[in-house]
Amino acid sequence: MKLEICCGDIESLKGAKEGGASRIELCSSLSEGGLTPSLGLIRSAVRLGFPEINVLIRPRGGDFLYSEDEIGLIAEDAATAVAEGATGIVIGMLTPSGDVDAEALRHVMEKAKASSVTFHRAFDLCRNPMQALEDVVGAGCTALLTSGLASSAPAGAQMIKTLVDAAAGRLLVMAGAGINVENCESLIQATGVGAVHTTARESRPSGMLFRHGGVNMGLPGQDEYEVKTTSPHMVRQLLGITSRY
């Protein structure tokens with residue numbers, strides 16, 4: 001049973017390391033569902049010595065229908081991440097009809113030459129999950145990150161179990177979205193997944209003494225003086241749960 005900690009900043013990387021995490025997904029802009037991280041953050045993860053560093057390659061928020069230029073950018077960023085020491089990449093692209101864009105997927109994989117490739121939660125927006133699973137397996141992906149086509153993994157547990165059964169060990173099915181210490185074990189038992197993916201984050205107050213209220217840098221209502229970061233304590237608790245399977 002693998003535990004993957006999703007980290008979006010240097011403080012979270014250090015929190016994951018302190019908590020004992022060995023596998024991370026590295027990204028930025030978690031409020032948008034994750035975007036490609038900076039080169040500096042990738043290098044920081046490599047210096048910290050994580051055995052498994054999976055770098056999300058997603059050039060923008062929104063849908064997963066990409067132009068030719070965007071596919072080229074994804075391929076270039078993926079190759080750069082691998083060259084800098086990432087052990088894997090996390091990618092996903094769909095056709096206008098909601099199928100896996102197998103041609104684009106194979107193109108990026110060929111350019112990146114990563115030993116590990118996870119197809120991310122673009123899968124949860126696909127039209128036919130059983131066909132999408134076969135497309136992902138056929139392209140040579142080593143893992144699939146999914147919430148079971150639901151808003152959270154606990155809500156999509158039945159579909160996740162169906163995917164685990166259909167995959168039959170051909171790739172690692174990893175549950176992600178809304179997983180925490182309270183629901184992790186029951187989700188593992190209900191689905192039989194081989195991995196769980198979580199940010200393991202908690203909020204801490206900003207160290208700012210001067211505070212100017214009423215100005216948002218991101219989403220309306222977002223508290224600019226609340227910092228969310230990976231908790232070493234939470235990582236240790238989750239490792240305790242996953243180590244039993």
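1. A word on ground rules. This is a predicted model, so local features need pLDDT of at least 70 and side-chain atom pairs count only at pLDDT 80 or more, while totals for chains, interfaces and linings use all residues. Residues are numbered from 1 along each chain as its sequence is written, and side-chain values use heavy atoms, leaving out hydrogens and water.

2. Helix 3 with helix 4. Helix 3 (residues 68-83) packs on helix 4 at an angle of about 30 degrees, and their axes are 8 Å apart. Axes here are lines fitted to C-alpha atoms, for helices over the stretch in contact, with angles from 0 to 180 degrees between N-to-C directions; helices are DSSP runs (H or I, at least four residues), as are strands (E, at least two), numbered from the N terminus. The crossing is right-handed, the term for a near helix turned clockwise from the far one by less than a right angle. Helix 3 brings Ile71, Ile74, Ala75, Ala78, Ala79 and Val82 to the contact, and helix 4 brings Ala104, His107, Val108, Lys111 and Ala112; contact means heavy atoms within 4.5 Å. These residues divide into 9 nonpolar, 1 polar and 1 charged, where Ala, Val, Leu, Ile, Met, Phe, Trp, Tyr, Cys and Pro count as nonpolar, Asp, Glu, Lys and Arg as charged, and the others, Gly among them, as polar.

3. Helix 5 with helix 6. Here residues 129-139 (helix 5) and 157-167 (helix 6) pack at about 45 degrees, with axes 11 Å apart. The two helices are therefore oblique to each other; under 35 degrees would count as roughly parallel, over 145 as roughly antiparallel, 65 to 115 as roughly perpendicular, and the rest is oblique. Their crossing is right-handed. Pro129, Met130 and Leu133 of helix 5 touch Met159, Thr162, Leu163, Ala166 and Ala167 of helix 6, giving 7 nonpolar residues, 1 polar and no charged.

4. Helix 7 with helix 8. Helix 7 (residues 184-191) and helix 8 (residues 232-242) have axes 9 Å apart and an angle of about 30 degrees, which means that helix 7 is roughly parallel to helix 8. This crossing, too, is right-handed. Cys184, Glu185 and Ile188 in helix 7 meet Leu238, Ile241 and Thr242 in helix 8, a set with 4 nonpolar, 1 polar and 1 charged residues.

5. Aspartate 101. Where does aspartate 101 lie? Its place is the loop between strand 4 (88-91) and helix 4 (102-112). Neighbours within four places in sequence aside, aspartate 101 contacts Met93, Leu94 and Thr95. Valine 136 is 35 residues from aspartate 101 in sequence and 9.4 Å away in space, C-alpha to C-alpha.

6. Leucine 172. This residue is in strand 7 (residues 172-176). Beyond its neighbours within four places in sequence, leucine 172 contacts Lys2, Arg23, Thr142, Ala143, Leu144, Gly194 and Ala195. Glutamate 182 is 10 residues from leucine 172 in sequence, and their C-alpha atoms are 23 Å apart.

7. A ring with a charge. Lysine 17 lies over the face of phenylalanine 50, 5.2 Å from the ring centre; the rule asks for NZ of Lys or CZ of Arg within 6 Å of the ring centre and within 35 degrees of the ring normal.
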